[in-house]
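Here is a short report on one protein chain.

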Amino acid sequence: MTLADSPAAVIRPEGPWTHRDVAANGARFHIAEMGEGPLVLLLHGFPQYWWAWRHQLPALADAGYRAVAMDLRGVGGSDRTPRGYDPANLALDVTGVIRSLGEPDAALVGHDLGGYLAWTAAVMRPKLIRRLVVVSMPHPRRWRAAMLGDVRQTAASSYIWGFQRPWLPERQLVADDGALVERLVRDWAGPKPPGPSDDTGALAVENYRRAMCVPSTAHCSVEPYRWLVRSLARPDGMQFYRRMKRPVRVPTLHLHGSLDPVMRTRSAAGSGEYVEAPYRWRLFDGLGHWPHEEDPETFTSELVHWLSDPEPDR
């Protein structure tokens, strides 16, 4: 597959999964799904789309789960709406997809921005979330405190501050066929970045570049980060972070790469103070921001074993 391939070939590639669209929260969302059993819903981060979970989908299906990876609003094969990129609305997208799939609840697995939304959904719609798995993302209140009070985290998140400029970030993301996307993915990884290590990995960064170049995707991808920063001192932001004081009351697995240069371990650690349920923290030595792609075998094993554990302990 090359950058010249059509967006449809990149966003809906053939494979063991099934592609379809579901309606939720006033928009249409593309999903890739495999297997039958209890629902596990996978949420990607920036600058990715559902393809980030290509290793986990078949493994979860083999383990007896209905594995579904969705494209977030504005990304991949989902609708690019003019509004609706605040975390509360994006979390309602997620819980709306659970309902649209006809399931009573889901184990929610979120990476990066998807992790932020997973935390949010677990607070806003706790009855729909059976278990919570968050990767490379602190609890929203921890994230806010780190961004405002930790100089090193503020520096590590310089890309988020850069997104506050109008128009320029979008142009940078699509310039040279999405070359910046590849640079970010490689810079944020550990020694073994997602790349040409196997037949599927070889396509990873190239696919992310191509998907970002689909019209309007770059703009929609940065809008959530614009809200996160611009709302810090606004009433709607203060109301959201007050709401997030409510504890998470479902078993939670928190996964993080020890070499993550974007979300520092110190920022993520301690998120368990917002969880009033079994909480397990797992630090992957030698991995960066993408543990599910840098070492998919180890990551998936940890995920599947925890999901199958009837009584996950602290």
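## Overall fold

The protein chain has 314 residues, for which a compact globule would have a radius of gyration near 20 Å; its value is 18 Å, which agrees. The radius is taken over C-alpha atoms, and the globule rule is 2.2 Å times the number of residues to the power 0.38. The C-alpha trace spans about 50 × 45 × 40 Å along its principal axes.

This is a predicted model: local features need pLDDT of at least 70, side-chain atom pairs count only at pLDDT 80 or more, and totals for chains, interfaces and linings use all residues. Residues are numbered from 1 along each chain as its sequence is written, and side-chain values use heavy atoms, with hydrogens and water left out.

## Secondary structure and contacts

The protein chain has 14 helices and 8 strands. Both are DSSP runs numbered from the N terminus: helices are H or I with at least four residues, strands are E with at least two.

Contact means heavy atoms within 4.5 Å. Of the contacts with a separation of 6 or more, 75% are between residues 24 or more positions apart.

## Surface and charge

Of the 314 residues, 59% count as buried. Buried means under 20% relative accessible area, exposed over 50%, and partly exposed in between (1.4 Å probe, protein chains only). The protein chain exposes about 12400 Å². Carbon and sulfur atoms supply 51% of that area. Areas come from the Shrake-Rupley method with a 1.4 Å probe; for residues, only the protein chains shown count as cover.

There are 37 positive and 36 negative charges, and their mean positions are 10 Å apart. Lys and Arg count as positive, Asp and Glu as negative; His and the chain ends are not counted. Each charge is placed at NZ of Lys, CZ of Arg, CG of Asp or CD of Glu.

## Aromatic pairs

Rings of Phe, Tyr and Trp (its six-membered ring) pair if their centres lie within 6.5 Å; planes under 30 degrees apart are stacked, over 60 edge-to-face, and the rest tilted. By this rule there are 20 aromatic pairs. F46 and W188 form a tilted one, at 6.4 Å centre to centre and 45° between the planes. F46 lies in the loop between β3 (39-43) and α2 (56-62), and W188 in the loop between α8 (168-187) and α9 (201-212), so the pair ties together parts 142 residues apart in sequence. Both F46 and W188 are buried.

Y116 and F240 have ring centres 6.3 Å apart and planes at 20°, so this pair is stacked. Y116 sits in helix α4 (residues 113-124) and F240 in helix α11, so the pair ties together parts 124 residues apart in sequence. Y116 is buried at 1% relative accessibility. F240 is buried too, at 6%. Ring pairs also link F46, Y159, F163, W188, Y225 and W290 into a cluster.

## D236 in helix α11

Helix α11 (residues 235-243) holds D236. D236 counts as partly exposed, at 30% relative accessibility. Not counting residues up to four places away in sequence, D236 touches W227 and S231. D236 and D86 are 150 residues apart in sequence, yet their C-alpha atoms are 9.7 Å apart.

## F284 in strand β8

Strand β8 (residues 279-284) contains F284. F284 is buried, with a relative accessible area of 3%. Which residues does F284 contact, leaving aside its neighbours within four places in sequence? They are L255, H256, G257, S258, P291, T298, F299 and E302. F284 and G257 are 27 residues apart along the chain, with their C-alpha atoms separated by 4.8 Å.
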